[in-house]
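The entries are in the order I made them.

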Amino acid sequence: MPELPEVEVTMQEISPLLMGATIEGVWSSGKDLREPIGPGVMALVGARVLRVSRRAKFIVVETSQGILLMHLGMSGHMRMPGRGEERERHDHFELQLKDRHSLRLNDTRRFGLVRYFRDLGELGAYPAFAALGPEPLGEGFTPRTLHAALRRRHLPIKQAIMDSKVVVGVGNIYASESLFAARLDPRRPASSLTPIECGRLCAAIKRILAEAIRNNGTTFDSFSDALGDIGHYVEQLRVYGRRGRACPNCGRAIESVTLGGRSTFFCPACQR
Ligand SMILES: [Zn+2]
């Protein structure tokens, strides 16, 4: 499943194609994704792209005629095919750009999202968007805000940092990796973290996500970025998926537990 680094990589790759482009046509397969692709997207025909950004795992395309919000869901990826290039199976949405390649969303499992908003106000009121916590790589995510968010949460810290109200975009892989980097036991109650431990965790989340972005994200099953490359971060995972193998710090066997229904990996010696 694409996590934040994969979405950031995708956004950075499609941005040069989209910036300043005029949208000549909009095509959809007619199949529902997470929800139907509404007829509202047709309002984008003739629009000029002004800004491309990422918020949590959403890609936000601001144009002169409204905003396009896209989400890759479980299996989505973007391609930039040339004019006349045939569509592939599971292509569900396409922006045709004047004098440029097109942008296509391919989504095998169809949990992605394509949605039109008239303006930023309407987007801000969209419930899935309005409830989002701070961006992990942004200035709004600090040891202090993290400590404040965790103080009253008694569930395991691993689950707490995967809650998008605490911080957005820390998925299952990066939660395990960040807690290992911060030397914190994923099973500890979130409320038990001291301000100093929150400082370590905040720094670890930022570092791990930035590293993953530099390495083009992590590929497990279906993710490939918009240029067709696969992510390389998988080679750098220290605990995730490594149960029984040696901890890269101390050599003891990595253990795994299930927290909130998700596999969690940690070193019982290094993480307290
Ligand atoms: Zn260890």
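This is a predicted model: local features need pLDDT of at least 70, side-chain atom pairs count only at pLDDT 80 or more; totals for chains, interfaces and linings use all residues.

**Entry 1: the loop with P134**

I started at P134, which sits in the loop between α3 (127-130) and α4 (143-150). Is P134 buried or exposed? I found 20 C-beta neighbours inside 10 Å, so P134 counts as buried; the cut-off for that is 20 or more. Leaving out residues up to four places away in sequence, P134 touches G140, F141, T145 and V167. I also checked P134 against R100: they are 34 residues apart in sequence, and their C-alpha atoms are 35 Å apart in space.

Next I looked at A130, which is in helix α3. A130 has 9 C-beta neighbours inside 10 Å and therefore counts as exposed. Not counting residues up to four places away, A130 touches G124 and A125. From A130 to A253 I get 42 Å, C-alpha to C-alpha, across 123 residues of sequence.

**Entry 2: confidence and domains**

The average pLDDT of the chain is 92, and 93% of the residues score at least 70. I flagged residues 220-225, where the pLDDT is below 50; in the model this stretch has 17 contacts beyond near neighbours in sequence.

Which residues have the most contacts inside the largest nonpolar core? I noted L150, I161, L201 and I205, in a core of 67 residues. Helix α7 gives the most to this core, with 8 residues. Domain 1 (4-130) and domain 2 (143-266) each supply at least three residues to this core. As a general reminder, nonpolar side chains tend to be buried together in soluble globular proteins.

Setting aside neighbours within four places in sequence, L201 is in contact with L146, S178, A182, L184 and L193.

Helix α6 (residues 172-181) is mostly covered, with 9 of its 10 residues buried. What covers them? After α6 comes R183, with a positive phi near 60 degrees.

**Entry 3: the open sheet**

Then I turned to the strands. Four of them form an open, antiparallel sheet in the order β2-β3-β4-β8. β2 (49-55) and β8 (113-117) are at the edges with a single partner strand each, so one side of each has no neighbour in the sheet. From one strand to the next, the twist averages 15 degrees.

I counted 6 bridges in the antiparallel pairing of β2 with β3 (residues 58-63). In that pairing R51 stands opposite E62 in β3. Helix α1 (residues 4-18) lies across β2 and β3, and runs at about 175 degrees to β2.

A56 is in the loop between β2 and β3. Its phi is near 50 degrees, a positive value in a residue other than glycine. A56 counts as partly exposed because it has 19 C-beta neighbours inside 10 Å.

**Entry 4: β1, β6 and β7**

Last stop was β6. Strand β1 (residues 23-28) and strand β6 (residues 91-97) run antiparallel and are joined by 5 bridges; here G25 stands opposite Q96 in β6. β6 also pairs with β7 (residues 103-107), again in the antiparallel sense, over 4 bridges, and L95 stands opposite L103 in β7.

How many residues lie between β6 and β7 in their hairpin? There are 5, and D99 is in the turn. D99 is not a glycine, yet has a positive phi of about 60 degrees. With 8 other C-beta atoms within 10 Å, D99 is exposed.

Methods. Residues are numbered from 1 along each chain as its sequence is written. A residue is buried if 20 or more other C-beta atoms lie within 10 Å of its own, exposed if 12 or fewer, and partly exposed in between; C-beta atoms are placed from the backbone. Helices (H or I, at least four residues) and strands (E, at least two) are DSSP runs, numbered from the N terminus. A nonpolar core is a set of buried Ala, Val, Leu, Ile, Met, Phe, Trp, Tyr and Cys residues joined through C-beta atoms within 7 Å. Domain bounds come from an automatic or database domain assignment. Two residues are in contact if their C-beta atoms, placed from the backbone, lie within 7 Å. pLDDT is the predictor's confidence in each residue, from 0 to 100. Two strands pair if DSSP finds at least two bridges between them. Axes are lines fitted to C-alpha atoms, for helices over the stretch in contact, and angles run from 0 to 180 degrees between N-to-C directions.
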